[in-house]
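Here is a friendly note to read beside the model. Please keep the picture open as you go through the points.

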Amino acid sequence: MQTQSLNNGSQQDSDVIVTENLGKSVTTSDGLLHILSSIDLIIKSGESVAIVGASGSGKSTLISLLAGLDMPTSGTISLNGKLLTAMDEDGRAAMRNELIGFVFQSFQLLQGLTALENVMLPLELSGDRNAKALAAALLGRVGLSHRLSHTPQKLSGGEQQRVALARAFVTKPAILFADEPTGNLDSKTGAHIIDLLFELNQENHTTLILVTHDQALAARCQRIIKLDSGRIFI
Ligand SMILES: Nc1ncnc2c1ncn2[C@@H]1O[C@H](COP(=O)(O)OP(=O)(O)OP(=O)(O)O)[C@@H](O)[C@H]1O
Ligand SMILES: [Mg+2]
């Protein structure tokens, strides 16, 4: 695919994620398994994109690649015009810290830390002296001011997901990936989490990439990308 200009002068319209011929294959006992093939994508700054497709179609693998958590076996990924696939692990980690927030289906909060400490962590890693105040403010934003000192096992599923959301947003990432962010929540709590996600997305002009099985959620995104057996289905 022909990529568009990486710098057209407008942050609003700039390409934040560009992939070319992206592929991921693994060797299994049954031979080579092509998990993703020929993925060509251009995602603009501030866009909201749903990634949908059947279980096993490659959705989680794709966002792990785009977030620099996993490496492709073919093709390229550029984030904000920088070639992620040319970087070593340290370079990818720096890109993740600078640009990316990730909300996992299973929350992945650190069990030994309080809600406040979990949200402070990414700020502390980047040396932010204001970590405590910023983290407390964002936990207030997701309705958890009264739960700052609770550890994850003392929080409900919906509360843990809100902590995970606060942690993902606290660094004001340019790109937020969420892998079935409401998969473990009842529909009312899930709807509240999604409202928050879109509110924070609009306030911060964050590019939102959501993996979801929920058609109503997908429909709220500006664009839907459907995967079928590791390929984009048009
Ligand atoms: N490291 C690996 N080794 C072998 N197979 C893998 C590996 N990682 C993923 N797969 C396979 O690749 C396919 C895509 O996996 P992926 O987790 O991306 O699917 P998904 O679309 O997110 O599915 P779900 O909706 O169930 O979460 C699956 O069939 C999975 O079994
Ligand atoms: Mg998945």
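The points below look at the ligand site and then at the pockets.

1. This is a predicted model, in which local features need pLDDT of at least 70, side-chain atom pairs count only at pLDDT 80 or more, and totals for chains, interfaces and linings use all residues. Residues are numbered from 1 along each chain as its sequence is written, chains are lettered from A and ligands numbered from 1 in the order in which they are written, and side-chain values use heavy atoms, with hydrogens and water left out.

2. Which residues come nearest to ligand 1? They are S55, G56, K59, S60 and T61, out of 13 residues around ligand 1 (a residue is near if one of its heavy atoms lies within 4 Å).

3. The largest pocket has a volume of about 510 Å³, taken as the space filled by probe spheres set on the grid points, which are joined across faces, edges and corners. A pocket here is an open set of points on a 1 Å grid over the protein atoms alone, where a 1.4 Å probe fits, with protein on both sides within 12 Å along at least five of seven lines; lining residues have an atom within 4 Å of a point. Its lining has 17 residues, with N97, I100, G101, F102 and P122 nearest the centre.

4. The second largest pocket holds about 240 Å³ of space. Of its 15 lining residues, L134, L138, F169, V170 and K172 are the closest to its centre.
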